[in-house]
Amino acid sequence: MAATSKALPLLQRRAPSGIIRWLTTTDHKDIGIMYIITSILFFGVGGIEALIIRIQLARPENTVVTPEAYNQIFTMHGTTMVFLFGMPILIGIANYMVPLMIGARDMAFPRLNALSFWTLVLGGVIMYSSFLLGGAPDGGWFAYAPLTTKAYSPSHGMDFWALGIIVTGIGSIAGAINLVVTILNMRAPGMTLFKMPLFVWQMLVTAFLLLFAIPSLTVDSILLFLERNFSAPFFAANAGGDPLLWQHLFWFFGHPEVYILILPAFGIMSEVVPVFSQKPIFGYRAIVYSGILIGFLGFGVWAHHMFAVGMSPVADAIFSLSSMLIAIPTSIKIFSWIGTMWGGSLRFQTPLLYAIGMIAMFLIGGLSGITVAIVPIDLQVTDTYYVVAHFHYVLFGGTVFAAFAGIYYWFPKWTGKMLSETLGKWQFWIMLIGFNLTFMPMHLLGMDGMPRRVYTYGSGLGWDIWNELETIGSFIIAIAILIFIWNVVISMIKGKTAGNDPWDGFTLEWTTSSPPPRYDFAKIPTVHSLRPLWDQKHGADGNMPTETPKATARTEASLRPAITAADVAVAAAQIHMPAGSWAPLLLATGITILCYGMIYGVALAAAGIILSLASVIYWTWQKV
Amino acid sequence: MANLTNTNLTSPASVDAASVEVEHTSMGVDNRKLGMWVFLASEALFFSALIATYVILHGRSTGGPTPRDVLSLPLVSINTFVLIASSMALVTGLSAAQRQDIRKAILWLAVTAGLGIVFLGGQVYEFSHLVTDKLLISTNLFGATFFTLTGTHGLHVLSGIIWLILVIVQLVQKRDLPHADFKIEMVGLYWHFVDLIWIIIFTLVYLLI
Amino acid sequence: MQETKVEQKLAKPVSRKTGPSYLVVFIVLAVLTGLEIVVSQLPIPRAPILIPMAFIKVALVALFYMHLRTDRRLFAMIFVIGVLVGITLILTFAVLFSTQTGGV
């Protein structure tokens with residue numbers, strides 16, 4: 001808690017309000033909220049793109065959009081969902097929750113944290129501005145060269161893609177550094193590594209995956225940009241270059257990326273399942289170690305995305321084997337959650353519904369994953385809708401379901417209001433039905449040979465009915481998302497007040513108010529167990545609740561004396577929290593202008609460099 | 001809740017004279033230094049990917065010039081010595097700051113930055129000669145991978161120089177800057193890392209041709 | 001308590017002994033560089049000599065100039081993991097791409 005536990009008799013600078021507060025904030029909670037809102041906005045954009053894809057594919061020989069537009073839309077759908085929704089929503093939740101769960105007052109580097117967020121936003125802006133600047137990226141989200149080289153993708157779209165990826169990558173690295181340092185170094189007294197909540201553990205592994213995987217993608221994007229703009233022949237086979245280099249570098253990032261998207265989801269699951277089973281997690285260490293194992297194995301499987309490109313049989317065999325190995329630590333986690341629910345007194349509230357839905361859907365995705373890890377099967381179904389079905393079951397059924405579990409679970413902490421249970425349950429069931437209707441038939445279509453990324457298909461192939469059902473399913477998902485947004489709006493206006501601890505929770509975030517004060521904790525708690533709050537409420541060996549959840553209010557009251565009103569007053573007056581800063585936003589803007597300069601000329605690039613340098617100087621000398 | 005004693009490791013980082021006094025952190029180390037090492041671990045991967053690209057592709061050029069045709073070992077050897085010397089200058093500055101001799105520290109940091117500029121100048125000179133020898137980034141795979149790898153390294157040297165200058169200005173502004181040695185150690189970690197990458201580039205690109 | 005042991009181990013310095021001075025390290029680095037240049041001109045298989053020499057230099061810089069030798073084990077561990085993943089990347093890629101030139 002460097003510099004935070006010190007009680008400085010500083011004049012408390014008045015926090016700015018309104019838009020300026022949000023632009024300059026360095027509070028991990030504000031940044032977390034902005035991350036979550038931004039990613040949900042991008043989820044909406046990516047979702048609309050998905051709907052356009054589904055409308056185009058609803059009937060054979062459809063011409064709702066042009067083939068060129070179609071390529072741009074499915075490219076941006078994938079890019080958005082992975083880089084602008086999937087990663088940010090998980091990092092956003094982590095940004096808000098990790099300091100609260102480990103008893104810290106902020107992330108280790110508050111301004112760096114803001115920089116991570118702004119690079120994400122502006123990286124998204126760079127990519128999406130391409131729609132207005134001559135055409136969006138159109139080479140697929142994994143941007144295979146030579147399809148993405150100048151000859152086959154002449155617009156600036158792929159340049160914007162490469163630059164946007166580099167810029168969001170800077171943010172991801174900065175965010176990962178912040179997470180690692182915060183988790184390793186800022187835990188409350190008594191919270192040893194093996195007393196950390198499982199979400200924090202999974203985020204720690206995820207942060208290391210980001211650190212080691214993103215650089216490979218950054219290098220790949222740099223190579224692509226140089227090839228497209230300066231004719232460097234990295235991927236040009238006629239000049240001796242190798243298109244496979246793109247794929248290897250991309251998937252060296254791309255497969256760990258899958259775990260970057262799923263491990264935080266596993267973490268959310270490992271928080272939600274025990275709380276709603278009212279039982280400690282089954283196999284805490286098993287989940288920790290399996291998470292670390294997934295992290296390590298995740299770097300040894302990337303080429304299973306490339307069985308069809310003609311690697312040697314030995315390489316195929318090795319990558320096939322290592323891919324199947326990953327199923328072991330993953331199933332350990334699934335068994336842990338089921339073991340936790342077994343014999344627990346389950347409360348079927350929305351977070352648990354999503355968690356159970358996640359287990360079921362992710363399991364289907366995991367099993368189809370094992371099938372495509374088998375080389376002959378992969379050779380048959382690669383680049384078909386079977387693969388599309390597989391990764392949507394893993395990423396939508398896994399990550400998105402878990403993210404919703406997390407949102408329903410922690411929304412009360414973020415806002416002080418409960419989300420409506422009724423609407424939540426409606427949303428869950430509608431989404432579950434829509435999801436399966438959309439993606440289950442894709443297995444069949446894929447095995448029947450329907451290639452992915454095609455603009456349209458002929459009638460009479462037996463694909464019509466499935467495609468039509470999928471399109472209907474995708475609109476059902478859209479309805480579920482609209483219900484969610486309505487739920488958020490209505491709950492913010494007249495939702496039930498949440499109180500500190502609405503779920504009878506286990507971990508430290510429920511000991512502070514909802515939403516927490518700027519300094520999170522008036523007194524930094526001391527931790528003695530895995531479930532500090534639960535043990536305080538129910539006694540160290542109280543596995544079952546001694547009170548019904550309804551009586552939680554009383555439990556809270558009994559907690560109060562630990563933190564008195566005087567403590568809060570002292571905390572508000574004396575805890576020094578870093579002030580806001582313009583530097584992160586300015587630096588991110590400078591980098592962005594530099595990126596546009598890479599395309600539109602030296603003058604703009606110079607302006608970007610000057611602004612970046614100026615903001616670094618401002619950053620260095622600003623007193624926080 | 002009353003017990004606020006930290007049962008974790010709270011001993012200040014007395015091991016290393018250069019680190020600032022560390023308050024209650026779980027690992028007993030300074031956040032910034034830990035963050036720096038985490039960043040450098042990530043940078044190691046960044047350069048690994050670039051080096052892998054060079055190793056795989058540079059020999060596959062379909063036309064000249066080859067490394068043997070155009071690279072000048074004497075020039076680069078001098079540059080390598082310059083960079084190693086700059087690392088030496090930096091640690092000398094660090095020692096001075098640890099002895100509270102800020103004037104000497106500033107001097108040695110300036111020497112470090114100066115040597116960095118000499119290195120960059122050498123690289124610019126080398127690049128311009130390669131261009132006159134008809135090696136561009138678009139000429140062949142050697143050109144593409146060579147300029148990408150050494151150019152990226154050069155940009156890192158440039159960032160290091162800017163950081164050094166920022167620290168020097170801070171020290172000049174305020175002679176009794178608290179934790180001056182810590183600031184120097186941080187820029188040092190980055191600088192030595194960039195030096196370390198050059199050692200590998202020197203061997204792979206220039207010696208093993 | 002096993003867990004605190006892990007943390008104590010990570011917080012320990014790698015070594016407490018005072019090592020050679022910065023100047024000695026610098027001289028060794030300079031001499032090694034000179035030797036490298038000489039070796040690179042000899043008509044012998046150079047990679048098996050030059051690459052270990054580069055690694056020795058890298059280790060010297062990291063251990064002494066970056067103080068890994070006397071600093072916390074945690075730093076060394078994080079950095080070494082990064083370097084090892086990086087070396088794995090380079091070696092695996094080299095293997096993958098060399099078999100492909102063999103026409104597989």
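**View 1. B:Lys33 and C:Asp71 pair up across the chain boundary.** In this predicted model, the side chains of B:Lys33 and C:Asp71 form a salt bridge, with an N to O distance of 2.6 Å. If you go looking for other salt bridges between chain C and chain B, note that the count is one. Polar contacts between these two chains come to six residue pairs, with both residues at pLDDT 80 or more.

**View 2. Here is the side of chain C that touches chain B.** Four helices of chain C, namely α1 (2-11), α2 (22-40), α3 (47-65) and α4 (73-101), each put in at least two residues. The top contributor is α4(C), with 14 residues. Sorted by class, this side of chain C has 30 nonpolar, 10 polar and seven charged residues.

**View 3. Now for the area between chain C and chain B.** About 4,200 Å² is buried here, and carbon and sulfur atoms give 80% of that. C:Met66, C:Arg72 and C:Phe75 supply 15% of what chain C buries against chain B, more than any other three residues. The contact involves 47 residues of chain C and 49 residues of chain B.

**View 4. A:Glu227 is buried without a salt bridge.** This residue sits in helix α6 of chain A, which covers residues 198-230. What is the nearest side chain of opposite charge to A:Glu227? That would be A:Arg228, 8.9 Å away. A polar atom of the A:Glu227 side chain does lie 2.7 Å from the backbone nitrogen of A:Phe235. Leaving out residues up to four places away in sequence, A:Glu227 touches A:Thr149, A:Ala232, A:Pro233, A:Phe234, A:Phe235 and A:Ala236.

Conventions: Residues numbered from 1 in each chain as written. Chains lettered and ligands numbered in written order. Predicted model: local features only at pLDDT ≥ 70, side-chain atom pairs only at ≥ 80, totals over all residues. Heavy atoms only, no water. Buried < 20%, exposed > 50% of the residue type's maximum accessible area, 1.4 Å probe, protein only. Lys, Arg positive; Asp, Glu negative; His and termini not counted. Salt bridge = Lys/Arg side-chain N within 4 Å of Asp/Glu carboxyl O. Polar contact = N/O pair within 3.5 Å; in protein donor to acceptor, adjacent residues only side chain to side chain. Contact = heavy atoms within 4.5 Å. Buried area = accessible area lost by both parts, 1.4 Å probe. Nonpolar A, V, L, I, M, F, W, Y, C, P; charged D, E, K, R; others polar.
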